[in-house]
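Dear colleague,

I am passing this structure on to you, together with some notes on what turned up when I went through it. Please keep it open beside you while you read.

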Amino acid sequence: MTTASASSSSLLNKTIVFYGAGSMAEAIVRGIVETGVAAPGNVTVLNRSNGDRLLELQKRYGVVPALTEEQKNAALAESDIVVLGMKPKDSATALLALKPHLRPNQLIVSLIAGLTIGTIQQLLASEQPVIRTMPNTSSSIGLGATGISFSASVPEDGRALALSMFQAIGIAAVVEENLLQTVTAVSGSGPAYIYYMMEAMIRSGIEQGLSLDAASELVVQTVRGAAEMVRTTGEDPAELRRKVTSPNGTTQAAIETLERLGFPEAIDKAMLRCAERAEEMGQAIADEAFARK
Ligand SMILES: NC(=O)C1=CN([C@@H]2O[C@H](COP(=O)(O)OP(=O)(O)OC[C@H]3O[C@@H](n4cnc5c(N)ncnc54)[C@H](OP(=O)(O)O)[C@@H]3O)[C@@H](O)[C@H]2O)C=CC1
Ligand SMILES: O=C(O)[C@@H]1CCC=N1
């Protein structure tokens, strides 16, 4: 566990409310509390109706649950940072409910796939400083990969705060807002592709005779080792693949099979569809915002 010391732009001095405290919010709460960059007593969690979940988060991380309407409204009105952690379909209603409580300098950090800075500001009817992010669930173990974009109204210290939040729980890349759909396709949804591949590898290992435990352990260590090899050697994945692939050997036979079955095209199409879906979800919220004006 690492610790952070308080300075004026430190998260330790800031109050943060997670407006929607589901899986992604928990990944971030856990990351920032366990790395010591945020004080649990300064972190409030609130949900639409699931109070039991808030009590669980309190037990696990020492954060503060907002259970009553009064507590919820106070947390939204008083926190320095409001993190939007609800599902896209719930976001327009949630932003309209947030609007009357906000002060102009509160930072909005959105985790919501597809939802644009423009739509958030439209729903809030203000130039509120908005930090749009696309994190992933590996943030809970400090290995997150987050894309970040800022509205023009985010001040320098707001940018630094957001970066410190996401850098505490992994890596953070600042990108143009229109590239956040691509970040969603790469790293937001990316863990699921890797889990899917792991599921398939474990299943095949079992079908070929390994026990569940042996297949799982071997697959986990293989994925972990492969990622660490790319990271620590700095070599290109293609070069590392070449080193595993003996001419006319077993790996070549496997890769040729994957190529014949369209593996690279399948990944490309999946990622394009993912980015397109983020766009569609953002458009649906924008349409709802327009309809509710
Ligand atoms: N899961 C992931 O890997 C990633 C998710 N995201 C984004 O994070 C967001 C959340 O996803 P995820 O954590 O998986 O979702 P979850 O369903 O786990 O959590 C959503 C939470 O939002 C709460 N909520 C819904 N409406 C409101 C409201 N009006 N006011 C307060 N709280 C509300 C729900 O509470 P209740 O149960 O009481 O309704 C629930 O706890 C999504 O927008 C998603 O696009 C981004 C990157 C990765
Ligand atoms: O599946 C989703 O919509 C969210 C966004 C990125 C990961 N999970």
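Predicted model: local features only at pLDDT ≥ 70, side-chain atom pairs only at ≥ 80, totals over all residues.

Glutamate 127 sits in the loop that runs between α5 (117-124) and β6 (130-134), where helices (H or I, at least four residues) and strands (E, at least two) are DSSP runs, numbered from the N terminus. With a relative accessible area of 62%, glutamate 127 is exposed; here buried means under 20% relative accessible area, exposed over 50%, and partly exposed in between (1.4 Å probe, protein chains only).

Residues are numbered from 1 along each chain as its sequence is written, chains are lettered from A and ligands numbered from 1 in the order in which they are written, and side-chain values use heavy atoms, with hydrogens and water left out.

The loop between α5 and β6 also holds alanine 125, whose phi is near 50°, a positive value in a residue other than glycine. Alanine 125 counts as exposed, at 56% relative accessibility. Asparagine 248 likewise has a positive phi, of about 60°, although it is not a glycine; this residue lies in the loop between α10 (237-244) and α11, and it is exposed, with a relative accessible area of 72%.

Turning to charged pairs, a search of the whole structure finds 15 salt bridges, a salt bridge being a side-chain nitrogen of Lys or Arg within 4 Å of a carboxyl oxygen of Asp or Glu. One of them joins arginine 60 to glutamate 26, with the closest N and O atoms 2.7 Å apart. Because arginine 60 lies in helix α2 (residues 51-61) and glutamate 26 in helix α1 (residues 23-34), the pair ties together parts that are 34 residues apart in sequence. Arginine 60 counts as partly exposed, at 45% relative accessibility, whereas glutamate 26 is buried, with a relative accessible area of 15%. Both residues belong to a network of salt bridges that links Glu26, Arg53, Glu56 and Arg60.

Two further pairs lie within single helices. Glutamate 69 forms a salt bridge with lysine 72, the closest N and O atoms being 3.6 Å apart, and since these residues are 3 apart in helix α3 (residues 69-78), they are separated by about one helical turn. Glutamate 69 counts as exposed at 53% relative accessibility, while lysine 72 counts as buried at 10%. In helix α9 (residues 212-233), arginine 231 and glutamate 228 are also 3 residues apart, about one turn of the helix, and their side chains meet in a salt bridge of 3.0 Å, N to O. Of this pair, arginine 231 is exposed, with a relative accessible area of 60%, and glutamate 228 counts as partly exposed at 35%.

Finally, which residues gather in a patch of negative charge on the surface? They are Glu256, Glu259, Glu265 and Asp268, and α11 (250-260) and α12 (263-291) each supply at least two residues of this patch. Patches are made of residues with over 30% relative accessible area and no salt bridge, like charges being joined within 9 Å and nonpolar side chains (Val, Leu, Ile, Met, Phe, Trp, Tyr) within 5 Å. Lys and Arg count as positive and Asp and Glu as negative, with His and the chain ends not counted, and the place of a charge is taken as NZ of Lys, CZ of Arg, CG of Asp or CD of Glu. Glutamate 256, which lies in helix α11, counts as partly exposed at 41% relative accessibility.

A nonpolar patch on the surface is formed by Ile194, Met197, Met201, Leu258, Phe263 and Ile267, with about 470 Å² of accessible area together; accessible areas come from the Shrake-Rupley method with a 1.4 Å probe, and for residues only the protein chains shown count as cover. Its largest share, 3 residues, comes from α8, and α8 (190-207) and α12 each supply at least two residues. Isoleucine 267 is found in helix α12 and counts as partly exposed, at 34% relative accessibility.

With best wishes
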